[in-house]
Amino acid sequence: MKIRVLGSGAGGGFPQWNCNCHNCHRLRHNQMKGQTRTQSSIAVSSDDKNWVLFNTSPDIRAQLESFPAIQPKEGVRDTGIKAIILIDSQIDHTTGMLMLREGEPLDVYCTEMVKQDLSTGFPVFKMLEDYCTVKHHPIPCDGSSFTIPGIEDLRFYSHALKSKAPPYSPHRHDPHEGDNVGVIIEQISSGKKVYYSPGLGEIEPHVMDAMQAVDCLMVDGTFWTDDEMCAQNISPKRAREIGHLPQSGPGGMIEVLNGVKQTRKILIHINNTNPILDEDSPQRKTLDDAGIEVAYDGMEINL
Ligand code: MLT
Ligand code: MN
Ligand code: ZN
(Lines give C-alpha, C1' and ligand atoms only; values in the text may rest on other atoms or scores of the structure.)
(Ligands and ions follow the chains in the order given, each with its own letter.)
Protein backbone atom coordinates (compact mmCIF):
# COMPACT_ATOMS: atom_id res chain seq x y z
CA MET A 1 0.00 0.00 0.00
CA LYS A 2 1.18 3.49 -0.76
CA ILE A 3 0.30 6.54 1.29
CA ARG A 4 0.95 9.98 -0.12
CA VAL A 5 0.82 12.93 2.24
CA LEU A 6 -0.99 15.60 0.25
CA GLY A 7 -1.14 18.10 3.12
CA SER A 8 0.60 17.81 6.48
CA GLY A 9 -0.49 21.11 8.05
CA ALA A 10 -3.44 21.91 10.30
CA GLY A 11 -6.14 24.48 9.49
CA GLY A 12 -4.52 27.58 8.00
CA GLY A 13 -1.47 25.71 6.67
CA PHE A 14 2.09 26.93 7.13
CA PRO A 15 2.71 29.78 6.88
CA GLN A 16 -0.85 30.94 7.50
CA TRP A 17 -1.94 33.91 5.36
CA ASN A 18 -2.45 36.38 8.24
CA CYS A 19 -0.03 34.93 10.76
CA ASN A 20 3.14 36.58 11.97
CA CYS A 21 3.85 34.10 14.77
CA HIS A 22 7.43 33.06 15.57
CA ASN A 23 7.32 30.23 13.01
CA CYS A 24 5.35 31.90 10.20
CA HIS A 25 7.49 35.03 10.39
CA ARG A 26 10.81 33.19 10.37
CA LEU A 27 9.78 30.81 7.56
CA ARG A 28 8.71 33.72 5.34
CA HIS A 29 11.99 35.50 5.98
CA ASN A 30 14.25 32.48 5.51
CA GLN A 31 15.28 32.58 9.14
CA MET A 32 14.40 29.01 9.98
CA LYS A 33 15.02 25.53 8.60
CA GLY A 34 11.56 24.21 7.77
CA GLN A 35 9.06 23.51 5.01
CA THR A 36 5.77 25.05 3.95
CA ARG A 37 2.76 22.83 4.57
CA THR A 38 -0.67 22.71 2.96
CA GLN A 39 -3.80 21.66 4.81
CA SER A 40 -4.57 18.20 6.04
CA SER A 41 -5.13 15.28 3.61
CA ILE A 42 -3.63 11.95 2.52
CA ALA A 43 -4.19 9.68 -0.50
CA VAL A 44 -3.99 5.89 -0.22
CA SER A 45 -3.71 3.22 -2.93
CA SER A 46 -2.82 -0.43 -3.25
CA ASP A 47 -2.20 -0.35 -7.02
CA ASP A 48 -0.79 3.18 -7.65
CA LYS A 49 -3.78 3.83 -9.89
CA ASN A 50 -6.99 3.95 -7.85
CA TRP A 51 -6.76 6.35 -4.89
CA VAL A 52 -8.84 6.96 -1.80
CA LEU A 53 -8.60 10.51 -0.52
CA PHE A 54 -8.76 11.02 3.20
CA ASN A 55 -10.23 14.48 3.59
CA THR A 56 -10.41 17.16 0.92
CA SER A 57 -8.39 20.20 1.81
CA PRO A 58 -8.95 23.77 0.58
CA ASP A 59 -5.47 23.31 -0.97
CA ILE A 60 -6.51 20.25 -2.99
CA ARG A 61 -5.91 21.81 -6.40
CA ALA A 62 -2.21 22.38 -5.76
CA GLN A 63 -1.93 19.05 -3.95
CA LEU A 64 -3.25 17.13 -6.97
CA GLU A 65 -1.07 19.12 -9.38
CA SER A 66 2.00 18.08 -7.41
CA PHE A 67 1.09 14.39 -7.54
CA PRO A 68 1.20 12.87 -11.08
CA ALA A 69 -0.07 9.42 -10.03
CA ILE A 70 -3.54 10.83 -9.32
CA GLN A 71 -3.83 13.00 -12.43
CA PRO A 72 -5.92 12.29 -15.61
CA LYS A 73 -4.57 9.38 -17.70
CA GLU A 74 -7.25 8.50 -20.28
CA GLY A 75 -9.95 10.39 -22.15
CA VAL A 76 -10.77 14.06 -21.95
CA ARG A 77 -11.80 14.00 -18.28
CA ASP A 78 -10.28 11.57 -15.78
CA THR A 79 -8.99 11.25 -12.23
CA GLY A 80 -7.31 8.71 -10.01
CA ILE A 81 -9.63 9.68 -7.11
CA LYS A 82 -12.08 6.81 -6.68
CA ALA A 83 -13.56 7.73 -3.29
CA ILE A 84 -13.30 10.20 -0.42
CA ILE A 85 -13.31 9.31 3.27
CA LEU A 86 -13.99 12.19 5.66
CA ILE A 87 -12.85 11.79 9.26
CA ASP A 88 -14.81 14.84 10.43
CA SER A 89 -16.60 17.88 9.00
CA GLN A 90 -13.91 20.50 9.75
CA ILE A 91 -13.41 23.21 7.14
CA ASP A 92 -9.78 22.19 6.51
CA HIS A 93 -10.95 18.61 5.76
CA THR A 94 -14.03 19.21 3.63
CA THR A 95 -13.81 22.46 1.64
CA GLY A 96 -11.86 20.72 -1.13
CA MET A 97 -15.00 18.91 -2.29
CA LEU A 98 -16.14 22.25 -3.74
CA MET A 99 -13.00 22.26 -5.89
CA LEU A 100 -13.91 18.82 -7.30
CA ARG A 101 -17.29 20.04 -8.58
CA GLU A 102 -16.39 19.73 -12.29
CA GLY A 103 -16.12 15.94 -12.07
CA GLU A 104 -18.28 12.83 -11.76
CA PRO A 105 -20.46 12.25 -8.68
CA LEU A 106 -18.28 12.12 -5.56
CA ASP A 107 -18.46 8.88 -3.57
CA VAL A 108 -18.09 10.18 -0.03
CA TYR A 109 -17.71 7.84 2.94
CA CYS A 110 -18.43 9.47 6.31
CA THR A 111 -20.52 9.10 9.46
CA GLU A 112 -24.12 10.21 9.77
CA MET A 113 -22.97 13.11 12.03
CA VAL A 114 -20.50 14.40 9.46
CA LYS A 115 -23.15 14.10 6.77
CA GLN A 116 -25.53 16.17 8.93
CA ASP A 117 -22.98 18.98 9.35
CA LEU A 118 -22.27 18.95 5.62
CA SER A 119 -25.96 19.16 4.82
CA THR A 120 -26.81 21.95 7.31
CA GLY A 121 -24.15 24.18 8.99
CA PHE A 122 -21.75 23.90 6.02
CA PRO A 123 -24.08 22.52 3.31
CA VAL A 124 -21.47 21.34 0.81
CA PHE A 125 -23.46 18.20 0.00
CA LYS A 126 -26.53 20.31 -0.82
CA MET A 127 -24.55 22.86 -2.83
CA LEU A 128 -22.97 20.13 -4.91
CA GLU A 129 -26.40 18.82 -5.92
CA ASP A 130 -26.26 21.36 -8.74
CA TYR A 131 -22.71 20.39 -9.77
CA CYS A 132 -21.18 16.91 -9.60
CA THR A 133 -23.50 15.60 -6.82
CA VAL A 134 -22.44 13.57 -3.78
CA LYS A 135 -23.21 9.91 -3.12
CA HIS A 136 -23.00 9.44 0.63
CA HIS A 137 -21.95 6.06 2.04
CA PRO A 138 -22.29 5.70 5.83
CA ILE A 139 -19.31 4.34 7.77
CA PRO A 140 -19.24 2.59 11.15
CA CYS A 141 -18.35 4.22 14.51
CA ASP A 142 -17.73 0.95 16.37
CA GLY A 143 -14.48 -0.20 14.80
CA SER A 144 -16.11 -2.56 12.32
CA SER A 145 -14.95 -2.71 8.74
CA PHE A 146 -16.12 -1.43 5.39
CA THR A 147 -14.87 -1.72 1.84
CA ILE A 148 -15.11 0.48 -1.24
CA PRO A 149 -16.15 -0.98 -4.61
CA GLY A 150 -13.26 -0.66 -7.08
CA ILE A 151 -10.68 -0.52 -4.26
CA GLU A 152 -10.38 -4.25 -3.98
CA ASP A 153 -7.26 -4.77 -1.88
CA LEU A 154 -8.01 -2.28 0.94
CA ARG A 155 -10.26 -2.68 3.96
CA PHE A 156 -11.11 0.11 6.38
CA TYR A 157 -12.08 0.03 10.06
CA SER A 158 -13.54 3.23 11.57
CA HIS A 159 -14.16 4.07 15.22
CA ALA A 160 -15.50 7.11 17.07
CA LEU A 161 -12.99 9.43 18.76
CA LYS A 162 -13.13 12.01 21.49
CA SER A 163 -12.05 15.13 19.62
CA LYS A 164 -14.23 18.08 18.53
CA ALA A 165 -16.83 18.91 15.91
CA PRO A 166 -16.09 22.17 14.05
CA PRO A 167 -16.91 25.57 15.54
CA TYR A 168 -19.90 25.92 13.14
CA SER A 169 -21.42 22.58 14.15
CA PRO A 170 -24.31 22.31 16.64
CA HIS A 171 -22.19 19.49 18.15
CA ARG A 172 -19.22 21.71 19.04
CA HIS A 173 -20.24 21.73 22.72
CA ASP A 174 -22.59 18.75 22.53
CA PRO A 175 -20.48 15.81 21.33
CA HIS A 176 -22.08 12.97 19.38
CA GLU A 177 -20.60 9.63 18.44
CA GLY A 178 -19.22 9.97 14.92
CA ASP A 179 -18.36 13.69 14.99
CA ASN A 180 -14.77 12.46 14.58
CA VAL A 181 -13.40 9.05 13.61
CA GLY A 182 -10.03 7.30 13.44
CA VAL A 183 -9.49 4.82 10.62
CA ILE A 184 -7.33 1.71 10.29
CA ILE A 185 -6.48 1.05 6.64
CA GLU A 186 -5.52 -2.55 5.89
CA GLN A 187 -4.06 -3.96 2.73
CA ILE A 188 -5.82 -7.30 2.49
CA SER A 189 -3.14 -9.12 0.44
CA SER A 190 -0.22 -8.17 2.71
CA GLY A 191 -2.02 -7.69 6.04
CA LYS A 192 -0.16 -4.35 6.47
CA LYS A 193 -2.04 -1.69 8.41
CA VAL A 194 -1.84 2.02 9.05
CA TYR A 195 -3.84 4.07 11.57
CA TYR A 196 -4.84 7.57 10.47
CA SER A 197 -6.11 9.97 13.08
CA PRO A 198 -5.17 13.64 12.57
CA GLY A 199 -7.63 14.89 15.21
CA LEU A 200 -7.23 12.95 18.43
CA GLY A 201 -8.27 14.51 21.74
CA GLU A 202 -8.07 11.54 24.06
CA ILE A 203 -6.44 8.11 23.99
CA GLU A 204 -9.35 5.82 24.88
CA PRO A 205 -8.68 2.07 25.23
CA HIS A 206 -9.95 1.30 21.71
CA VAL A 207 -7.58 3.97 20.33
CA MET A 208 -4.63 2.37 22.12
CA ASP A 209 -5.69 -1.04 20.77
CA ALA A 210 -5.71 0.39 17.23
CA MET A 211 -2.28 1.96 17.77
CA GLN A 212 -0.83 -1.34 18.96
CA ALA A 213 -2.34 -3.27 16.03
CA VAL A 214 -0.78 -1.43 13.09
CA ASP A 215 2.54 -1.12 11.24
CA CYS A 216 2.40 2.66 10.92
CA LEU A 217 0.76 5.46 12.89
CA MET A 218 -0.21 8.80 11.38
CA VAL A 219 -1.63 10.70 14.33
CA ASP A 220 -2.47 14.16 15.65
CA GLY A 221 0.60 16.40 15.60
CA THR A 222 -1.25 19.72 15.92
CA PHE A 223 0.25 21.24 19.06
CA TRP A 224 3.36 20.83 21.20
CA THR A 225 1.81 22.35 24.35
CA ASP A 226 -1.75 22.76 25.56
CA ASP A 227 -1.38 26.56 25.86
CA GLU A 228 0.54 27.05 22.59
CA MET A 229 -1.87 29.54 21.04
CA CYS A 230 -2.63 31.39 24.33
CA ALA A 231 1.08 31.76 25.10
CA GLN A 232 1.64 33.51 21.75
CA ASN A 233 -1.47 35.71 22.17
CA ILE A 234 -3.04 34.12 19.09
CA SER A 235 -6.17 32.64 20.61
CA PRO A 236 -7.47 31.84 24.09
CA LYS A 237 -8.22 28.29 22.92
CA ARG A 238 -6.25 25.47 24.48
CA ALA A 239 -5.25 22.37 22.48
CA ARG A 240 -7.31 19.90 24.52
CA GLU A 241 -10.32 22.21 24.46
CA ILE A 242 -10.41 22.04 20.65
CA GLY A 243 -9.85 18.28 20.49
CA HIS A 244 -6.09 17.94 20.05
CA LEU A 245 -3.81 16.10 22.49
CA PRO A 246 -0.54 18.07 22.77
CA GLN A 247 2.76 16.25 22.27
CA SER A 248 4.72 17.29 25.36
CA GLY A 249 4.11 16.74 29.06
CA PRO A 250 2.47 14.03 31.14
CA GLY A 251 -0.11 12.06 29.15
CA GLY A 252 0.97 13.86 25.96
CA MET A 253 1.36 12.22 22.56
CA ILE A 254 5.09 11.51 23.00
CA GLU A 255 4.41 9.58 26.19
CA VAL A 256 1.57 7.72 24.44
CA LEU A 257 3.76 6.84 21.45
CA ASN A 258 6.57 5.69 23.74
CA GLY A 259 4.14 3.04 24.94
CA VAL A 260 3.64 1.72 21.41
CA LYS A 261 6.32 -0.70 20.20
CA GLN A 262 7.62 -1.75 16.78
CA THR A 263 5.65 0.76 14.79
CA ARG A 264 6.54 3.60 12.47
CA LYS A 265 5.27 6.73 14.23
CA ILE A 266 4.42 9.85 12.25
CA LEU A 267 2.83 13.10 13.42
CA ILE A 268 0.53 14.80 10.94
CA HIS A 269 -1.79 17.87 10.92
CA ILE A 270 0.87 20.19 12.38
CA ASN A 271 -0.29 23.66 13.38
CA ASN A 272 1.84 26.61 12.26
CA THR A 273 2.54 27.57 15.90
CA ASN A 274 4.15 24.20 16.71
CA PRO A 275 7.92 24.46 17.46
CA ILE A 276 8.55 21.04 15.82
CA LEU A 277 8.20 22.78 12.44
CA ASP A 278 11.64 24.27 13.12
CA GLU A 279 13.93 21.40 12.13
CA ASP A 280 16.71 22.78 14.34
CA SER A 281 14.52 23.13 17.44
CA PRO A 282 15.11 21.19 20.68
CA GLN A 283 11.49 19.99 20.44
CA ARG A 284 12.21 18.43 17.04
CA LYS A 285 15.29 16.77 18.53
CA THR A 286 13.13 15.31 21.30
CA LEU A 287 10.94 13.72 18.59
CA ASP A 288 13.98 12.42 16.69
CA ASP A 289 15.33 10.85 19.87
CA ALA A 290 11.95 9.18 20.48
CA GLY A 291 11.86 7.79 16.90
CA ILE A 292 8.87 9.96 15.96
CA GLU A 293 8.72 11.41 12.43
CA VAL A 294 7.01 14.60 11.30
CA ALA A 295 4.95 14.32 8.10
CA TYR A 296 5.71 16.74 5.26
CA ASP A 297 3.87 17.51 2.03
CA GLY A 298 4.84 14.98 -0.62
CA MET A 299 5.97 12.35 1.92
CA GLU A 300 5.32 8.82 0.66
CA ILE A 301 5.01 5.77 2.85
CA ASN A 302 5.22 2.31 1.32
CA LEU A 303 3.93 -0.52 3.46
C1 MLT B 1 -8.71 21.79 13.83
O2 MLT B 1 -8.45 20.65 13.49
O3 MLT B 1 -8.96 22.09 15.02
C4 MLT B 1 -8.73 22.77 12.70
O5 MLT B 1 -7.51 22.76 12.01
C6 MLT B 1 -9.40 24.02 12.92
C7 MLT B 1 -9.64 24.75 11.63
O8 MLT B 1 -9.81 24.16 10.56
O9 MLT B 1 -9.66 25.98 11.69
MN1 MN C 1 -7.89 20.64 11.36
ZN1 ZN D 1 1.75 31.23 12.46
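How far is an oxygen atom of ligand 1 from an N or O atom in the side chain of Asp-92? The distance is 3.0 Å, a polar contact (a pair of N or O atoms within 3.5 Å). The model is predicted: local features need pLDDT of at least 70, side-chain atom pairs count only at pLDDT 80 or more, and totals for chains, interfaces and linings use all residues. Residues are numbered from 1 along each chain, chains are lettered from A and ligands numbered from 1 as written, and side-chain values use heavy atoms, without hydrogens and water.

Two further contacts involve oxygen of ligand 1. One lies 2.9 Å from a side-chain N or O atom of His-244. Another lies 3.0 Å from a polar backbone atom of Gly-11. Taken alone, ligand 1 exposes 270 Å², of which the protein buries 70% (Shrake-Rupley method, 1.4 Å probe).

Ligand 1 takes the space of the second largest pocket (more than half of its atoms lie within 2 Å of the grid points). A pocket is an open set of points on a 1 Å grid over the protein atoms alone, where a 1.4 Å probe fits, with protein on both sides within 12 Å along at least five of seven lines; lining residues have an atom within 4 Å of a point. This pocket holds about 650 Å³. Of its 31 lining residues, Gly-11, Gln-90, Asp-92, Ile-242 and Asn-271 are closest to the centre.

The largest pocket holds about 830 Å³. Its lining has 24 residues. Asp-78, Thr-79, Ile-81, Leu-100 and Gly-103 lie nearest its centre.

Methods
Points joined across faces, edges and corners; volume = space filled by probe spheres on them. Polar contact = N/O pair within 3.5 Å; in protein donor to acceptor, adjacent residues only side chain to side chain.
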